[in-house]
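Let's take a walk through this fold together. Please have the chain open in your viewer and follow along.

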Amino acid sequence: MSNKYLLLLCAFVSLTFSACKKEEEPYDPDKSYFSVKQFVADQYELYKGQPFMFEKTTMVNGKKDSSLVGYDKVDWNTVFKMFCDADISDNKFFERYDFSQFDDDDLEASILTYTAKEPDLFVQKFTINFDNMTRKISMIYIETADRGRFHSKEQKLSYYVRERIVIQETEKAFLSDPKEVMITYKFQ
C-alpha cells in the first residue's frame with residue numbers, strides 16, 4: 001500500500017473516531033451539583049407573562065447607558081445562556097469542586113460554595129444563598145474564567161431573585177485593549 005493511501009486511511013479512521021459521540025452518563029443526584037440550568041428555567045417560567053419592567057444599565061469601559069425594558073423584550077436567550085454555560089450539575093464535574101457551607105443562625109440563611117480544584121475549569125466559583133426557613137434561593141453567584149495564551153475572558157454572574165441580574169465581563173486579547181462590560185437588569 002502506498003504512503004498516499006495509508007495517509008488517507010489514517011485520516012478516515014481518525015475522523016470516524018472523532019465523530020463518535022461519547023455517551024453521557026445518566027443523571028445521578030448523588031453525583032451531581034446544583035443545576036443552574038434548572039434554576040434559570042424555573043425563574044423564567046415563574047415570571048413569564050407578568051408585567052415586569054427592568055431598568056437595564058449597560059457599562060462598557062466606563063461608558064454608561066440605561067433604559068427601561070419590558071420582561072418580554074429582554075434578550076433572555078443571551079442572558080440565560082451565560083448562566084447555563086456555567087452549569088456544573090453534569091456528573092463529569094462531580095468531585096472536581098471543593099464544597100463548603102456556612103450557616104448564619106441569626107439571619108436564618110445558608111451559603112453553599114463550590115470552588116474549583118483545577119485552575120483550568122471554566123467555572124471557578126459558584127455560590128448559592130438560601131433561606132433556612134423557606135428553603136428558597138435568594139441569590140446565585142458564579143465566577144468563570146477562560147484563559148488562553150492570547151485571549152482571556154472572566155465573568156461574574158449574579159442573580160438576585162426578584163431584585164436584579166448582574167453580568168460582568170472582562171476580556172483581554174493579545175493585541176487589543178481590555179474590554180470591561182457590566183449589564184444590570186434591575187426589577188422595577
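Predicted model: local features only at pLDDT ≥ 70, side-chain atom pairs only at ≥ 80, totals over all residues.

Residues are numbered from 1 along each chain as its sequence is written, and side-chain values use heavy atoms, with hydrogens and water left out.

Start with the layout. The protein chain has 3 helices and 9 strands; here helices (H or I, at least four residues) and strands (E, at least two) are DSSP runs, numbered from the N terminus. Read from the N terminus, the order of elements is α-α-β-β-α-β-β-β-β-β-β-β. There are 188 residues in the protein chain, and 32% of them count as buried, where buried means under 20% relative accessible area, exposed means over 50%, and partly exposed lies in between (1.4 Å probe, protein chains only). Contacts, meaning heavy atoms within 4.5 Å, also reach along the chain: among those between residues at least 6 apart in sequence, 41% join residues at least 24 apart.

Now zoom in on strand 7 (residues 151-160), where you will find Gln-155. Is Gln-155 buried or exposed? Gln-155 counts as buried because its relative accessible area is 8%. Once neighbours within four places in sequence are set aside, Gln-155 is in contact with Met-82, Phe-122, Ile-142, Glu-143, Thr-144, Gln-168 and Glu-169. With Glu-169, the side chain of Gln-155 makes a polar contact of 2.8 Å. A polar contact is a pair of N or O atoms within 3.5 Å; within protein, one must be able to donate a hydrogen and the other to accept it, and residues adjacent in sequence count only if both atoms are side-chain atoms.

Glu-169 also leads us to the largest pocket. That pocket holds about 250 Å³ of space. Of its 17 lining residues, Glu-154, Lys-156, Gln-168, Glu-169 and Thr-170 are the closest to the centre. A pocket is found on a 1 Å grid over the protein atoms alone, as an open set of points where a 1.4 Å probe fits, with protein on both sides within 12 Å along at least five of seven lines; lining residues have an atom within 4 Å of a point. Grid points are joined across faces, edges and corners, and the volume is the space filled by probe spheres set on the points. Strand 6 (137-147), strand 7, strand 8 (164-173) and strand 9 (176-187) each supply at least two residues of the lining, and strand 6 gives the most, with 4 residues. By type, the lining has 4 nonpolar, 7 polar and 6 charged residues; Ala, Val, Leu, Ile, Met, Phe, Trp, Tyr, Cys and Pro count as nonpolar, Asp, Glu, Lys and Arg as charged, and the others, Gly among them, as polar.

Next, the aromatic rings. Rings of Phe, Tyr and Trp (its six-membered ring) pair if their centres lie within 6.5 Å; planes under 30 degrees apart count as stacked, over 60 as edge-to-face and the rest as tilted. This rule gives 25 aromatic pairs. One of them is the tilted pair of Phe-34 and Phe-126, at 5.9 Å centre to centre with 40° between the planes. The pair links distant parts of the chain, 92 residues apart: Phe-34 sits in the loop between helix 1 (3-19) and helix 2 (36-47), and Phe-126 in strand 5 (residues 123-131). Phe-34 counts as partly exposed because its relative accessibility is 23%, whereas Phe-126, at 0%, counts as buried. Both rings belong to one aromatic cluster, whose members include Tyr-33, Phe-83, Tyr-114 and Tyr-159 as well as Phe-34 and Phe-126.

Let's turn to helix 3, which contains Lys-81. At 48% relative accessibility, Lys-81 counts as partly exposed, and its side chain joins that of Asp-85 in a polar contact of 2.8 Å. Most residues other than glycine have a negative phi. Glu-95, which is not a glycine, has a positive phi of about 70°. Glu-95 is found in the loop between helix 3 and strand 3 (97-104), and counts as exposed because its relative accessible area is 55%. Arg-162, in the loop between strand 7 and strand 8, has a positive phi near 60°.
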